[in-house]
Amino acid sequence: MLYLLSFLVLVMLCVGIAIIFVKDILSAVILSTVVSLVVSIIFLFIAAPDVAITEAAIGAALTAVVFVIAIKRTEMKETADKE
Amino acid sequence: MRKLVSIVLLAGFIFYFATLTGGLMIPSASNERNSVGLDILSRSADETGSANAVTSVVVLYRGFDTLGEVTVLFLAALGISVFMKGTVGQRKKVLDQSFILKTGSRLLFPLMFLFGIYIIAHGHLTPGGGFPGGVIIATGFFVILLTSESVEFSKNLMSVLEGLAGLSFIVLGLVGLFGPDNSFLQNFLPLGDFNTVFSAGIIPIIYAVVGIKVAAELSSVVFAMKESK
């Protein structure tokens, strides 16, 4: 159990670090939903299914939706380092 | 100025971690906290008739908190609507979406809607409830908005639903004032058979109301963002 949880936390950490280094903003959003999904799996294993469902619905689905719309309305690529 | 702000922030973090570790270090404090949870677990089934103890805490023992949460969500949705109102313009002609995306979204939407209703209606039996169910329904609306350009989305209907749901939450709470215990958000309906859909008094009604409110609010937020230029 402890090993499984530490593996999941490790996956979450790696994905979280990858978000910082990814150039494409859309990929960063998708990776952040992966973090939310892993968090909800962890919640499920520590016997908190209510929180797991809420985290999966809000963190993985709705946040990604809002971010995707915002990206669509603005710029696709990261342009800060060009200026 | 900047240094001052960073020092204040740092002090706040140190205080936070100190209290956090301090709370973990002192064994008696953590035992007391556990006893509250065990107490609620042992008596929630008899007192509220809800098979899901978390729901009984969210809707009845801490029902006033839930009312506050709903209010916060309402204010956030209101802010986004006001912010986006100035930017609403004509829709750009979007390229025709692919056939697979269109058909898939039409296939997926009823399933997501039904699943959201299931999560809301079984909030007092299985994990879930008004908030996640409403979010699932709102995401279903987004899936259909994503593809079809000709979708008719009545904003007035959404506002009416949202307002009615919020009002009936407060009215349900106020009715409890005239019940036997004279308290706000009191469970005045009969508890019914344990572990059936029509049980636990006002819990399913309040969760249905919260679900309608959350779904209407979040889908109008998504729609406002999609409509804006």
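Among contacts in chain B between residues at least 6 apart in sequence, what percentage join residues at least 24 apart? The share is 72%, where two residues are in contact if their C-beta atoms, placed from the backbone, lie within 7 Å. What you have open is a predicted model, in which local features need pLDDT of at least 70 and side-chain atom pairs count only at pLDDT 80 or more, while totals for chains, interfaces and linings use all residues. Residues are numbered from 1 along each chain as its sequence is written, and chains are lettered from A and ligands numbered from 1 in the order in which they are written.

**Start with the two chains**

Select chain A, and you will find 3 helices and 0 strands, helices (H or I, at least four residues) and strands (E, at least two) being DSSP runs numbered from the N terminus. Buried residues make up 14% of the 83 residues in chain A; a residue is buried if 20 or more other C-beta atoms lie within 10 Å of its own, exposed if 12 or fewer, and partly exposed in between.

Now select chain B, which comes to 8 helices and 0 strands and in which 31% of the 229 residues count as buried. The domain assignment, which is automatic or taken from a database, divides chain B into domain 1 (1–48) and domain 2 (51–227). The contact between them takes 5 residues from domain 1 of chain B and 9 residues from domain 2 of chain B.

**Next, H6 and H8 of chain B**

Select residues 130–147 (helix H6) and 203–227 (helix H8) of chain B, whose axes come within 7 Å and cross at roughly 30°. Axes here are lines fitted to C-alpha atoms, for helices over the stretch in contact, and angles run from 0 to 180 degrees between N-to-C directions. The crossing of H6(B) and H8(B) is right-handed, that is, the near helix is turned clockwise from the far one by less than a right angle. Among the residues that make the contact are B:Gly134, B:Ala138 and B:Phe142 of H6(B), and B:Gly211, B:Ala215 and B:Val222 of H8(B). By class, the contact has 14 nonpolar, 5 polar and 1 charged residues, where Ala, Val, Leu, Ile, Met, Phe, Trp, Tyr, Cys and Pro count as nonpolar, Asp, Glu, Lys and Arg as charged, and the others, Gly among them, as polar.

On the H5(B) side, the contact is made by B:Gly116, B:Ile120 and B:Ala121, and the residues of H8(B) include B:Pro204 and B:Tyr207.

**Then the nonpolar core**

A nonpolar core is a set of buried Ala, Val, Leu, Ile, Met, Phe, Trp, Tyr and Cys residues joined through C-beta atoms within 7 Å. Of the 46 residues in the largest one, select B:Val135, B:Ala138, B:Ile206, B:Val210 and B:Val222, which touch the most other members. The largest share of this core, 15 residues, comes from H8(B).

**Finish where the chains meet**

Centre on B:Ala138, which touches A:Leu62 as well as B:Ala215, B:Leu218, B:Ser219 and B:Val222, not counting residues up to four places away in sequence. Widening the selection, 15 residues of chain B are in contact with 12 residues of chain A. The largest share of the side of chain B that touches chain A, 7 residues, comes from H6(B), and that side divides into 11 nonpolar, 3 polar and 1 charged residues.
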